[in-house]
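Have the coordinates open as you read.

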Amino acid sequence: MQWIIETPEKPPDWFIQIVKQYTPASSGLYAAQLLWQRGIKDEQQLAVFTDYKTYQPASPFEFGEEMQLAIERLQQARNNNEKIAIWGDFDADGITATAVLWDGLGQFFEQNTQLTYYIPNRLKESHGLNYLGIDNLQKQGCKLIVTCDTGSTNINEIIYAQKLGIDVIVTDHHTLPEQRPPVAAIINPRYLPSEHQLFHLSGVAVAFKVIEALYLTLPNIPQNPLADLYDLVAVGLIADLVQLSGDCRYLAQLGIQRLQADFQQPVTTRRRPGVGRLLELCQKNGDRPTDISFGLGPRINAVSRIQGDARFCVELLTSRDLKHCHQLAEVTELANTRRKSLQKDVQAQVTQKLAQIDLSTTSVIVLEDTQWPAGVLGLVAGQIAQETGRPTVLLSTEGRTQGTTPTPYSPLPTPLLARGSARSVNLVDLYQLVKQQEHLLHSFGGHPFAAGLSLLVENIPLFTEAINQQLRQSLGGTNLTPTVQADLTVTVANLGKELFLELKLLEPCGMGNPVPKLLIQNCWFENSWHRNQQDWKGKKVQYIKTDFDIRDESTKSRFPGIWWGHYKDELPVGRCDCIAELDYNTFKKRYEIRLIAVRSVENSDAINGVSSQIILDWRNQEYSELKNQHSAVLMENCPTNWDDLRVSLKRCLYNNQQLAIAWSKPNHQPPQEIWLTLVGIAKYLSRTNQSVTRFQLVEKLGIRDQTLFWGIEALKSLGFTVTRQDRDLHISWHPSMNSEGFNDAALERFLAAIREEQFQQDYFAEVSLSTIIAIANRPA
């Protein structure tokens, strides 16, 4: 993984002093650096960014004629006593959007008689409108459908609804169709300029703007204030990971304030008892954006992932029945518990399949399995994409033997379908990438960074080859590398309440304003231990986390931290660098770090024995102590190509600065000895009935994961049985099981993999050294 270390530009003293007024308990320097770096560079911008009261939100009628058309059609439905159906989506944004329309339109239409709602079943239906759902609403006498967080590209379904006498108002924020759909109105911020303050609204925020417009048009009808909807808007906004700028930030700030105020009320007087109970179950209090992104959002999403049907979540968010809401909250919590276990299982299976892929020749990861539950594939795909730096598509054929239900446009049963989810990283536009292969797909929709799709199983190989070829061509030889970025460099002594409150000035964080990532250098870990989580009833959840203390030379005190989804033996032994987020644990009432990435110090500036030069960005920094150090190559501007690097290195030589390179070839153990060591370990573990982790084996043998895979295959041919439980490998030996004798081919594959790995290390070291020297000595 490539680490990108930001060199924050020091802002002017006058700006630091202004920021300090907002952080009286600290110097304000860290917050000022981040704000300046993120484009907040004057007093007025700072005031608007930090205090929603100084922000002027946009009118809902900024959507122009489409909003006027929507309000006119709703007024017509009210005057004619027509039945209206809200059509939502099954994720947190869609469910909160449905709840906003249910509460908001419920001020103008009688709920359950004039007003109803429909949310597709995630495990049986897809995102968006579908024919069976439209048929059901037509039978109920529905004359108008109002979508939320969906519908923009459902052209055929909208035409079908029209034929049944049903008008459609689309409220959505997803990718637009090439032509305006035949709807009564479409409210979608993507029609606005990208710099517009409404452009980044999520589905729930768009739905809220429709209700706001209705409140402004018919101000004497509503009995409840519009502000009652702010908390629902904040939950959907933050859970959907949209860019929190403009009205998005404003609404999130208002909503979090509302959420916290309601949670602080006695249980029996809360406006949203279901939300309050959910916060209690996830040990949050609603005052932080992370209470939504790590608490409420995943729990609401979990219901459709596990159960398929998420309709009751609207009741959970809107009902005032205390006992009923508490029951629904507990069902939601149990669904999230099950989601964690399923996600962990699928993650382990995907990792095994991934070990058999050559990532050096793979631009897009496409994997499929008949047993994977479709509900968690998006989460796992996101994890794999982050870890590998490559767009990832995970597909399942579970329960899809006859495909989907016949439709008016496809009267015959669909052959075997694979359904799945895709996630992207490295600014690769996933939507456009997959859309280019639309001819191979059965259905598709989503964002540039997330998508859902289905296709014939027989088309998977074609799809995989085509999408990889397309991305390789668009990259033009650029390698995809997983990256993690640190915003600030701090020490353990800096961690704590003072820094937390200073960085809290940037909240709510999201896309475009991420949670500050802190680099802690030359540190080490103590008192590490891992355990499975427990649900609210005290039962173990098959989802791991590691607790630890972190220390460095800056203080004698240690500081607590956690690492989600990782075991303690994955922490480096000895000195290391790490990137983390600073957080406050409401349940334990302590400040702690949440570990994001970690690397051993010996690996942070050396690869395969080649000590790399320190390349410093000269901008806005003084490196007086390093000017005379021959081990540092100083650059006035960050190089963007090999020619820039060559010129900079040449300048070093012209200035009589030596290019000191310490290099030594790795001292390799013979492949046959590595094999004998592996066999010895296997026999010992079989005899003692002990387990081992993949990480421990890789470290002990000095080989890579893919090479270890071939080693395990060779062990199996020798009569060993290797099984996996969580992250532990259990090895037993039954020589009699190997009736056909030892497989020489399996061993040779393992030995060949070791030789190839060692060759690559030698080649890399030699080429790295010769390349640097050649660049430095090449004529300008």
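Let's start with a charge over a ring: R599 lies over the face of W3, 4.0 Å from the ring centre. A second case involves F49, where the charged end of R249 sits over the ring at 3.5 Å from its centre. Keep in mind that this is a predicted model.

**The chain as a whole**

The chain has 780 residues, and 51% of them count as buried. You'll find 24 helices and 25 strands in it. Take the contacts between residues at least 6 apart in sequence: 68% of them join residues at least 24 apart. The chain exposes about 35,800 Å², with carbon and sulfur atoms supplying 49% of that.

**Aromatic pairs**

A pair of aromatic rings is described by the distance of the centres and the angle of the planes. The count here comes to 17 aromatic pairs. In one of them, the rings of W102 and Y117 have centres 5.0 Å apart and planes at 80°, so the pair is edge-to-face. W102 belongs to helix α5 (residues 92-105) and Y117 to strand β3 (residues 115-118), so this pair ties together parts 15 residues apart in sequence. Both W102 and Y117 are buried.

Y131 and Y160 also make an edge-to-face pair, with 5.1 Å from centre to centre and 85° between the planes. Since Y131 is in helix α6 (residues 131-139) and Y160 in helix α7 (residues 155-163), the pair ties together parts 29 residues apart in sequence. Y131 is buried at 9% relative accessibility, and Y160 is buried too, with a relative accessible area of 14%.

There is also an aromatic cluster, formed by W14, F15 and W36. W36 leads us to helix α2 (residues 29-37), whose buried residues are A31, A32, Q33, L34, L35 and W36. What do the buried residues of α2 pack against? Their partners are α1 (13-22), α3 (43-50), β13 (488-490) and α18 (497-503). After α2 comes G39, which has a positive phi, near 95°.

**Salt bridges**

Side chains of opposite charge can pair when their charged atoms come close. The structure holds 33 salt bridges, including these:

| Salt bridge | N to O distance |
|---|---|
| D228 and R271 | 4.0 Å |
| K517 and E581 | 3.0 Å |
| R575 and E553 | 2.8 Å |

Look at D228 and R271, whose side chains meet in a salt bridge at 4.0 Å. The two are 43 residues apart: D228 is in the loop between α8 and α9, and R271 is in the loop between α10 (247-263) and α11 (273-281). Are these two residues buried or exposed? Both D228 and R271 are buried, and for D228 the relative accessible area is 11%. Leaving out residues up to four places away in sequence, D228 touches R258, R271 and R272.

Next, K517 and E581 form a salt bridge with their closest N and O atoms 3.0 Å apart. K517 lies in the loop between α18 and β14 (518-534) and E581 in strand β17 (residues 576-585), so the pair ties together parts 64 residues apart in sequence. K517 counts as buried at 17% relative accessibility, and E581 does as well at 7%.

For R575 and E553, the closest N and O atoms are 2.8 Å apart. R575 lies in the loop between β16 (559-564) and β17, while E553 is in the loop between β15 (540-551) and β16, 22 residues away. R575 is partly exposed, with a relative accessible area of 32%, whereas E553 counts as exposed at 57%. Salt bridges that share partners also join R288, K504, E507, K517, E581, D583 and R594 into one network.

**The surface and a loop**

On the surface, L241, L427, F449 and M511 form a nonpolar patch with about 440 Å² of accessible area together. One of them, L427, lies in the loop between β9 (417-423) and α16 (430-435). L427 counts as exposed because its relative accessible area is 75%, where exposed means over 50%.

N426 lies in the loop between β9 and α16 and is partly exposed, with a relative accessible area of 32%. N426 and Q386 are 40 residues apart in sequence and 9.0 Å apart in space, C-alpha to C-alpha. Setting aside neighbours within four places in sequence, N426 is in contact with G389, L480, T481 and T483.

Key. Residues numbered from 1 in each chain as written. Predicted model: local features only at pLDDT ≥ 70, side-chain atom pairs only at ≥ 80, totals over all residues. Heavy atoms only, no water. Buried < 20%, exposed > 50% of the residue type's maximum accessible area, 1.4 Å probe, protein only. Contact = heavy atoms within 4.5 Å. Phe/Tyr/Trp six-rings, centres within 6.5 Å; stacked < 30°, edge-to-face > 60°. Helix = DSSP H or I, 4+ residues; strand = E, 2+ residues; numbered from the N terminus. Lys NZ or Arg CZ within 6 Å of the ring centre and 35° of its normal. Patch = residues over 30% accessible without salt bridge, like charges linked within 9 Å, V, L, I, M, F, W, Y side chains within 5 Å. Areas by Shrake-Rupley, 256 points an atom, 1.4 Å probe, with all protein chains shown as cover.
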